[in-house]
Amino acid sequence: MRYPPIYFLKHMNMLVIEGFMVLLVSCLTIRTNLCSPNTPSLKTLPLHGHFDFHEVHHAARDFGNRYQFLPVAVLHPKTVSDIATIVKHVWDLGPRSELTVSARGHGHSLQGQSQAHRGVVINMESLQGPQIQIHTGSSPYVDASGGELWINILRESLKYGLAPKSWTDYLHLTIGGTLSNAGISGQAFRHGPQISNVQQLEVVTGKGEVVNCSEEQNEDLFHSVLGGLGQFGIITRARILLEAAPARVKWIRVLYSDFTAFTQDQEHLMSAENTFDYIEGFVIINRTGLLNNWRSSFNSKDPVQASQFKSDGKTLFCLELAKYFNLDKTDLITEEVDNSLSQLSYIRSTLFVSEVAYIDFLDRDNTNLYGIAAITNSERAGNCNLWEGA
Ligand SMILES: Cc1cc2nc3c(=O)[nH]c(=O)nc-3n(C[C@H](O)[C@H](O)[C@H](O)COP(=O)(O)OP(=O)(O)OC[C@H]3O[C@@H](n4cnc5c(N)ncnc54)[C@H](O)[C@@H]3O)c2cc1C
């Protein structure tokens, strides 16, 4: 045959087209991650820290593990001016460049908030500003970098007998990360969330300017950045109010099966005089037993007590309470706690009380406190069915 048949030519054409498509898609991928048009301009920026264009995959992940947007670069700033430089660069490029920038604290948000698709992620934890500075006196406060972890603030301030007033349940989060949300835990009913306990901020604005703000100075910026989800500026330093830290904590957990009783008791405690220092309620979907549900109170080796509860997989409501005290007040506190508890209508067989150091209470979701929870209730003997006690 002198000429190939038509079907053969068609087949060849299809192969060429398919090959071309594969090539195009691979080029796009490579261009997106490695050869972004923004990469060369970033390389020319004068920095004390550095960009990483290769080790960027960790910045495309967060605690939620649901969104993965790959940045073109991660900035590891050494100074506040590094952060100002990149933000100003993005501002100067204008909206057409599509280069985005995002601050990343400890990456514990859930929905890709600290990611920047084809943009620049700023690793706030590498910001090496002045060390944590504690100011004692009649109105004590701490100055710290926006990339500092709350656990480090706690450890440092405790050296002076002081501590911030309002917390999150988990302390391995950054100052900038929680202040750009709210920062809520069981102290919020008394002191407000963490954003209500900030005296002053240093912020890199969207134009790349470094600005101080407070209630008195640039107050719009101050109120926008606090709880602003990182959209109004990058917190590079924060001044946080402190109070005298207690030595010990009486830590209590009780369970309810009735939602109305649960919320009524919470409301009562929040408005009562001489009440607890920490009040938090949460729901337990008790499908796999208390041991797997009740956060760090128990582990599988621990106590009999949790494993004794049979709740038939029903939903429970847990009221978690804490009373702070110093050792000279132990007897008084025990009496006050007993008195407060006697007014509540939790399931009597579910009283769990332990006494721990203040730092261990605050860092409870990270510290291995397993095994210290103890039922002090006399009804604990033998197996108990929650619904009988209700
Ligand atoms: C195990 C766990 C327990 C938690 N417990 C609580 C809790 O008890 N109470 C509570 O309120 N929250 C809680 N959270 C939620 C947590 O407070 C927020 O997700 C917080 O944003 C995480 O801080 P991060 O340092 O990891 O911030 P990232 O996840 O890194 O960032 C979160 C957001 O803040 C922005 N951001 C980060 N740093 C800065 C900065 N310096 N300036 C401006 N914006 C910035 C980011 O761009 C992003 O939008 C918990 C989360 C986890 C995973």
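Residues are numbered from 1 along each chain as its sequence is written. Because the model is predicted, local features need pLDDT of at least 70 and side-chain atom pairs count only at pLDDT 80 or more, while totals for chains, interfaces and linings use all residues.

Strands (E, at least two residues) and helices (H or I, at least four) are DSSP runs, numbered from the N terminus, and two strands pair if DSSP finds at least two bridges between them.

Strand 4 (residues 120-123) pairs in the parallel sense with strand 2 (residues 73-76) over three bridges, and with strand 3 in the parallel sense over four bridges. Valine 120 in strand 4 stands opposite alanine 73 and is also the bridge partner of valine 101. In strand 3, Val101 and Ala103 point one way, Ser102 and Arg104 point the other way, and all are buried. Buried means that 20 or more other C-beta atoms lie within 10 Å of the residue's own, with C-beta atoms placed from the backbone.

The ligand is surrounded by 32 residues, the closest being Gly105, His108, Gly176, Gly177 and Gly230; a residue counts as near if its C-beta atom, placed from the backbone, lies within 6 Å. Where does the ligand lie relative to domain 2 and domain 3? The ligand lies between domain 2 (39-126) and domain 3 (133-244), because both give residues to its shell.

Strand 10 also holds isoleucine 240. Isoleucine 240 is buried, because 23 other C-beta atoms lie within 10 Å. Its C-alpha atom is separated by 8.7 Å from that of proline 140, 100 residues apart along the chain. Beyond its neighbours within four places in sequence, isoleucine 240 is in contact (C-beta atoms, placed from the backbone, within 7 Å) with Tyr141, Val142, Pro164, Asn197 and Val198.

How values were computed: Domains from an automatic or database assignment. Buried ≥ 20, exposed ≤ 12 C-beta atoms within 10 Å, placed from the backbone. Contact = placed C-beta atoms within 7 Å.
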